[in-house]
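Please look at the chain shown here before reading the notes on it.

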Amino acid sequence: MSGRAGDHALPASSPAEPDPEAPSPMSGGDFPGDLLRAVLHRLPPADVARAACVCRLWRAVASDRAVLEAAFRAPWGVRRVLGDPATRAFWRAASLARFALSHTVRRGDTVPGVALKYSVQVTDIKRFNNMMSDHGIYSRERLLIPISDPEILLGSTCYIEMDHNSKREVAVFYPEGHPNGNAESVANAAAAKRRSKRILESVRRSLHVDDGTAEYYLSVTGGDPRAAMMEFSEDLRWEQRQTGH
């Protein structure tokens with residue numbers, strides 16, 4: 001049966017209109033937040049910043065402090081970063097230049113000597129610390145030392161600080177342990193405190209006195225428990241003589 005081909009042709013289908021309610025493939029949709037977080041934890045800072053531009057969900061996760069910190073410290077094996085930077089832009093550049101070692105300036109220190117100790121260039125120390133000359137060391141309590149060997153950061157804890165002399169914000173590594181002093185000294189002080197407590201308890205029990213009395217006799221004898229007990233015995237005998245007992 002003959003006829004025109006156009007008589008029985010199906011009408012051309014028009015492109016389907018996009019459903020405004022359907023989630024965009026890049027919008028995250030029902031993408032679990034925990035899974036997204038696990039993925040972003042493995043990205044470098046630059047990619048985390050790009051992920052924040054995808055959608056609201058991705059921006060929320062990519063802006064989370066834990067995600068930003070993980071991306072910042074992962075390249076260098078840093079265990080933890082404490083403190084909050086002035087702006088989130090700090091996290092985006094995880095270069096080695098964002099880290100510094102804190103050196104406490106001591107009597108006799110010189111910039112060349114410090115540079116030799118840490119195997120860095122004198123000019124790098126001066127530039128990093130915003131110093132015009134070597135004499136700038138004498139007006140500072142500490143110098144920030146550029147990291148020359150990334151391995152010293154492995155497993156470390158760093159502290160985000162704004163150094164007013166160098167006029168830069170950095171993640172500072174303290175070889176001593178933490179900003180407030182030498183970690184070994186803190187441990188020794190805690191051990192000494194425990195030892196003193198044991199001595200006090202021993203003297204208190206031996207003399208059958210209260211803590212205040214035991215502390216007094218330890219203080220006047222320089223912490224010597226034997227001398228403290230002898231001193232107490234002498235005072236006790238003196239009191240007995242005075243009372244006629």
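## Basis

The model is predicted.

## Sides of helix H6

Helix H6 spans residues 111-118. Its buried residues are Val111, Val114, Ala115 and Tyr118. These four lie on the same side of H6, because the arc they cover around the axis is only 100°. Leu116 and Lys117, on the other side of the helix, are exposed.

Several elements cover the buried residues of H6, including strand E2 (99-104), helix H7 (122-128) and strand E3 (142-146).

## Ends of helix H6

At the N-terminal end of H6, the cap is Thr110. One of its side-chain oxygens is placed 3.1 Å from the backbone nitrogen of Gly113.

## Asp124 in helix H7

Helix H7, which is among the elements covering the buried residues of H6, contains Asp124.

The side chain of Asp124 makes a polar contact of 3.0 Å with the side chain of Arg127. Asp124 and Pro146 are 22 residues apart along the chain, and 7.1 Å separates their C-alpha atoms.

How values were computed. Residues numbered from 1 in each chain as written. Predicted model: local features only at pLDDT ≥ 70, side-chain atom pairs only at ≥ 80, totals over all residues. Heavy atoms only, no water. Buried < 20%, exposed > 50% of the residue type's maximum accessible area, 1.4 Å probe, protein only. Helix = DSSP H or I, 4+ residues; strand = E, 2+ residues; numbered from the N terminus. Arc of directions from axis to C-beta. Contact = heavy atoms within 4.5 Å. Polar contact = N/O pair within 3.5 Å; in protein donor to acceptor, adjacent residues only side chain to side chain.
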